[in-house]
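Thanks, everyone. I'll keep this brief. Please have a look at the chain, then we'll walk through it.

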Amino acid sequence: MNFPPPQWVKDAATEALGTVAGNHYSHPKGRIRLREAIRDVYSSQFPNLGRPLNVETEILVTSGANEGQYSVFTAFLEQGDEVIMFEPFFDQYLPSVTFNGGVPVYVPLHPPAESNTSPSSADWTIDFDELRRAITPKTKMIIVNTPHNPIGKVFTREELEKIAVLSQEFNLLVMSDEVYENLVFDDKEHVRIGSFPGMWDRTVSVYSAGKGFSATGWRVGWLIGPPSIIGPTLAASTRIIFCSNSPLQEAAAAGLEQAKANKFFETQLKEYAERRDVLLKAFDDIGLRYTYPEGSYFVLLDISRVQWPEGYEFPESVQGRGRDFRAAWFIAQEIGVSTIPVSEFYCQEHQEIGEKFTRFAFCKDIETLKKAGERLKGITKYLT
Ligand SMILES: Cc1ncc(COP(=O)(O)O)c(C=O)c1O
């Protein structure tokens with residue numbers, strides 16, 4: 001993001017730095033004020049539990065979602081355990097799984113048909129027979145990410161129910177990465193798979209203060225799940241980081257405590273919807289196909305029509321990578337807009353699916369997005 005966290009949250013960080021305790025170790029589970037704030041905000045989101053979350057056994061504060069996820073893998077993966085992830089996937093999953101001895105197994109989110117000229121993120125679909133076939137006796141876990149990075153897909157209740165049924169049939173753990181929980185547009189619904197009947201005991205849900213409060217550098221996140229998942233994950237996390245940083249846990253607590261009164265998440269959602277629309281209008285103006293995102297702050301632009309001049313020189317770093325790496329390099333150099341080549345979110349064997357796209361991020365202020373839109377007009381002379 002190129003904008004700051006809200007002032008009242010930053011003020012809470014400053015205040016915490018002014019105290020003695022705010023500068024010292026926290027409990028490895030997380031500071032009690034933050035765990036209580038998490039309990040107060042999230043308990044109603046898990047009605048299947050029938051009681052408030054237990055701050056001692058069902059919540060773990062982590063150094064960002066990333067470290068929380070890594071600690072779950074450390075706690076649960078044995079050498080050779082398979083972890084199913086939908087492809088494209090948030091790129092940290094792969095190394096975090098393999099560093100812990102796991103074996104990633106990829107199940108595609110099938111891209112919209114070429115004939116679909118204005119696809120939405122909902123048109124990226126799961127073949128549930130394919131998902132079932134991917135499950136083996138070695139499968140330990142399935143990662144679900146909704147809203148999804150990089151597609152912007154918001155998984156439907158029906159899709160999540162089908163995943164839940166399979167996870168119960170095959171006794172799988174579910175990691176539900178919901179770091180973009182507050183960025184679901186157009187009155188769509190954010191559904192938590194951990195809240196389904198029978199799913200609490202096998203699901204760990206993953207959240208991020210960085211995404212929630214525009215503070216990605218704070219490295220504060222949290223996990224919610226049953227003691228059977230949170231306990232071993234706490235043991236791993238305690239060895240990896242001991243505890244997350246103290247003053248910014250206090251600030252995150254203040255953020256959650258006051259979000260409702262400040263109408264923070266509603267306002268933030270409106271601001272992101274405006275940002276999204278500025279960028280999408282820029283794509284419409286140049287006539288390039290994109291996947292309309294229903295959630296998150298990402299959008300996939302189809303760059304198959306972008307053609308650079310013959311003989312255009314690329315550095316070694318993008319040679320031997322997908323066509324999208326060259327396209328993203330060319331767009332950055334000649335147009336002045338930086339994007340992420342989407343084959344980066346695929347395993348090597350499937351990179352040709354990702355090669356058609358680059359990922360734009362609209363976590364920028366309107367002025368920057370408008371400037372990007374102006375610059376993107378320059379691409380029209382390179383379209384086939
Ligand atoms: C899907 C997804 N999960 C997790 C993370 C990591 O979040 P954090 O910054 O809290 O570690 C990101 C960050 O980009 C993400 O996109």
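Let's start with helix α10. The cover over its buried residues includes β10 (298-302), β12 (357-361) and α13 (366-376). Keep in mind that this is a predicted model.

Which residues of α10 are buried? Y272, R275, R276, L279 and A282 are. Two of those are arginines, R275 and R276. On the spacing, a general point: an α-helix has 3.6 residues a turn, so residues three or four places apart point the same way.

Now a check on the geometry. α10 runs over residues 264-286, which is 23 residues. At 1.5 Å a residue, the helix should span 33 Å. The end C-alpha atoms are 34 Å apart, which agrees. After α10 comes G287, with a positive phi near 75°.

Next, the core. The largest nonpolar core has 98 residues. Which members touch the most others? I143 and A252 do. Helix α9, residues 246-259, gives this core its largest share, seven residues. The core also draws on two domains: at least three residues come from each of domain 1 (7-259) and domain 2 (265-377). As a general rule, nonpolar side chains in soluble globular proteins tend to be buried together.

Let's zoom in on A252. Leaving out residues up to four places away in sequence, A252 touches L34, A209, F213 and V220.

Last, the annotation. An unreviewed UniProt entry places "domain: Aminotransferase class I/classII large" at residues 5-376. Over that stretch, the chain is 39% helix and 15% strand. The end C-alpha atoms of residues 5-376 are 28 Å apart.

That's the tour. Over to you.

How values were computed: Residues numbered from 1 in each chain as written. Predicted model: local features only at pLDDT ≥ 70, side-chain atom pairs only at ≥ 80, totals over all residues. Core = buried A, V, L, I, M, F, W, Y, C linked by C-beta atoms within 7 Å. Buried ≥ 20, exposed ≤ 12 C-beta atoms within 10 Å, placed from the backbone. Helix = DSSP H or I, 4+ residues; strand = E, 2+ residues; numbered from the N terminus. Domains from an automatic or database assignment. Contact = placed C-beta atoms within 7 Å. UniProt positions renumbered as here; feature names shortened; annotations may be inferred. Expected span 1.5 Å × (residues − 1).
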